[in-house]
Amino acid sequence: MLCAISGEAPQVPVASRKSGNVYEKRLIEAYISENGTEPTTGESLSVEDLIDLKSPNVVYPRPPQMTSIPAMLSFFQNEWDALALQTYTLQQNLHQARQELSTALYENDAAVRVIAQLTKERDEARATLAQINISRGAPANTNGDAMQVDSAPLPQSVVEKIENSQQSLSKTRRKRPVPEEWASSDAISAYTSRSASKPLFPGGRVLAVHEAGDLILVAGTQGGVYSLSENTLSYALDFGEGDATSGLWAHDRAVVATSAGAVKVFEKDQEVSSFAVHAGQANGVALHPSGSILASVGEDKTYILYDLESSRVLTQVSSNSSLRCTQFHPDGHLLAAGGVDGQIKIFDVKSGAEAATFDLGGPVRCIFFSENGIWLAGVTEKSSTISIWDLRKATEITTIETGSQIESISWDYTGQFLGVAGQDGVTVEHYSKASKEWSEILKRGTPATQIAWGQHAQSLIALNEDGVITTLGAATEG
């Protein structure tokens, strides 16, 4: 029998109950006290698991080199030489490992410095690109008009149109009664899924309901106009390179912004105007209450105003961050834009000056003005919370927690109902003027990326990322 540790015949042999291996008792007990495991198998082992074995006493013959003092001294010298050689080898290996580690750390530090420098140069290049004068860097629109538009003042006729719209709308806004045909909170709370289309255009980025209530502009990787009454695609829209990022109805014209930086206007399926002004992706479009002024925002940190009647660019205004979404104030004198820096920037439309900023704390995903002209709702990327701001006080007055990630929001005409599209479904938040509190009156498990109100809020239209349009409304009889 040989010890599994020393490889020699044990003087006091013991065996492991678990593996059956034989050990020298003093060696295995010392190993167990330090590690608590068996050296050969790695399993847990205690002293109680050892079995004493009986064996005859072994008389070890004296090695020949140990028969005299000179032989013993020679043996000790050899052992010392071997130990010194081993120590020298270990020192050499340690020195080599230190050199390799030092070289690796130096190379890593150099790589980090190069990456930091490249990142800085990239950001500077992007900032420079965003400030390029449009007359030098962007192509003209399809009508061939020259575009000396970088921070250009608005024509007087456009300024007068903005002022007239503001005066006429602001005077009557608070006196407007809720239309009789408008849906009530009780009716909305009972909405169910009435119909769903076939998958139309994957992506689910654009959903806009025509004011007549039947035609729906829908787009993603491609786009078209869908008829609710006929439950079919009326016609497709060809917006060229890039995917659709935003869209709306300008009366009977469909307007689509694309990831290629273009803003295109369609009359039915025919393109009537195209603007390629943004130096980068166009992220959002908004229509002025007058119906003839269009705004777009983009990654190039600018917003652009267009005159739809003459199909020309009016002005381009720079900001300090990329802009992801935009909407005009219901009176038309302000333009709100959500930035990747976490701010909602409020611009004076006539002058282009930044009038105020609201800090949401993260990249802004979507914004929406209430029709009362007082409130502005905003949502950040991957957030489940809606922030509502009071424009008069420039303060956040409340937050609404929906419990799931929000993709888009839509306020109805009366300002009572706020539709929310999210990964977990569609919800409607209701504001009660009597209690001055918000409450959730509808929750349906229809995942959606975009949401819009139907005519008179008698229905909710939802679009998912597969391009399926779902209509929620009162259950039909029969």
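Modeller: What follows describes that core, then its surroundings in the chain, and lastly the cysteines. The model is a predicted one.

The largest nonpolar core has 18 residues. Within this core, L154, Y303, L305 and F328 touch the most other members. Several elements build the core, and each of these supplies at least two residues: the helix α4 (156-172) and the strands β14 (293-298), β15 (302-307), β16 (312-318), β17 (323-328) and β18 (334-339).

If neighbours within four places in sequence are left aside, L154 is in contact with V159, I162, L305, L314, T315, V349 and K350. One of these partners, L305, is itself among the residues that touch the most other core members.

Now the surroundings. The protein chain is divided into domain 1, residues 1-60, and domain 2, residues 156-474. Between the C-alpha centres of domain 1 and domain 2 there are 79 Å. The extent of the chain can be given in two ways. Its C-alpha atoms fill a box of roughly 120 × 65 × 45 Å along the principal axes. Its radius of gyration is 38 Å, whereas a compact globule of 478 residues would have one near 23 Å.

In secondary structure, the protein chain has five helices and 31 strands. Of the contacts between residues at least 6 apart in sequence, 44% join residues at least 24 apart. Buried residues account for 43% of the 478 residues. The chain exposes about 25000 Å², and carbon and sulfur atoms supply 49% of that area.

That leaves the cysteines. A disulfide is a covalent bond between the sulfur atoms of two cysteines. In this model the count of disulfides is zero. For C366, the closest cysteine sulfur belongs to C325 and is 6.5 Å away, so this pair is too far apart for a bond. The cut-off that matters here is 2.5 Å between the sulfur atoms. C366 counts as buried, since its relative accessibility is 9%. C3 is buried as well, because its relative accessible area is 4%, and the limit for buried is under 20%.

Notes
Residues numbered from 1 in each chain as written. Predicted model: local features only at pLDDT ≥ 70, side-chain atom pairs only at ≥ 80, totals over all residues. Heavy atoms only, no water. Domains from an automatic or database assignment. Core = buried A, V, L, I, M, F, W, Y, C linked by side-chain atoms within 4.5 Å. Buried < 20%, exposed > 50% of the residue type's maximum accessible area, 1.4 Å probe, protein only. Helix = DSSP H or I, 4+ residues; strand = E, 2+ residues; numbered from the N terminus. Contact = heavy atoms within 4.5 Å. Rg over C-alpha atoms; globule rule 2.2 N^0.38 Å. Areas by Shrake-Rupley, 256 points an atom, 1.4 Å probe, with all protein chains shown as cover.
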